[in-house]
Amino acid sequence: MAQLPQRGHVAGSGLVEAITIEPPGQPPRFAAIVTDAGQQQPGKSRDGGHPRVRLVWLGQHRVPGIVAGIRLSFEGMLFRVDGLATIYNPRYEILSPLEN
């Protein structure tokens, strides 16, 4: 994930650091922040830590299996939204601990 382009098709993997669920009354949207926790890359995120990408599933209140702390691989079109690499409705696969 350290070499993410500004825009285009990407594939990567990482650790789900946090999830966001929209409150009732808002359009359904589920987001996960994925970080490359295996390699330190100073200057790649706001806090100077690991590079991050936001995965967003539109129209979903939850995505089965996506919780903070799991590892997953992802693929999709990358855009920069508010300065953060973002992929809408990505393809994903939950990785077992043996695949890391």
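Tutor: The structure holds two aromatic pairs. This is a predicted model, where local features need pLDDT of at least 70, side-chain atom pairs count only at pLDDT 80 or more, and totals for chains, interfaces and linings use all residues. Residues are numbered from 1 along each chain as its sequence is written, and side-chain values use heavy atoms, with hydrogens and water left out.

Student: Why is the pair of Phe30 and Trp57 called tilted?
Tutor: Rings of Phe, Tyr and Trp (its six-membered ring) pair if their centres lie within 6.5 Å; planes under 30 degrees apart count as stacked, over 60 as edge-to-face and the rest as tilted. Phe30 and Trp57 have 5.9 Å centre to centre and 50 degrees between the planes, hence a tilted pair.

Student: What does this pair tie together?
Tutor: Phe30 is in strand E2 (residues 29-35) and Trp57 in strand E3 (residues 52-58), so the pair ties together parts 27 residues apart in sequence. Strands (E, at least two residues) are DSSP runs, numbered from the N terminus.

Student: Why does Phe30 count as buried?
Tutor: Buried means under 20% relative accessible area, exposed over 50%, partly exposed in between (1.4 Å probe, protein chains only). Phe30 has 1% relative accessibility, so Phe30 counts as buried. Trp57, at 6%, is buried too.

Student: What makes the pair of Trp57 and Tyr92 edge-to-face?
Tutor: The planes of Trp57 and Tyr92 are 80 degrees apart, with 5.5 Å centre to centre. Tyr92 lies in strand E6 (residues 91-95), 35 residues from Trp57.

Student: Why is Tyr92 called partly exposed?
Tutor: Because its relative accessibility is 32%, Tyr92 counts as partly exposed. Phe30, Trp57 and Tyr92 form one aromatic cluster.

Notes: Helix = DSSP H or I, 4+ residues; strand = E, 2+ residues; numbered from the N terminus.
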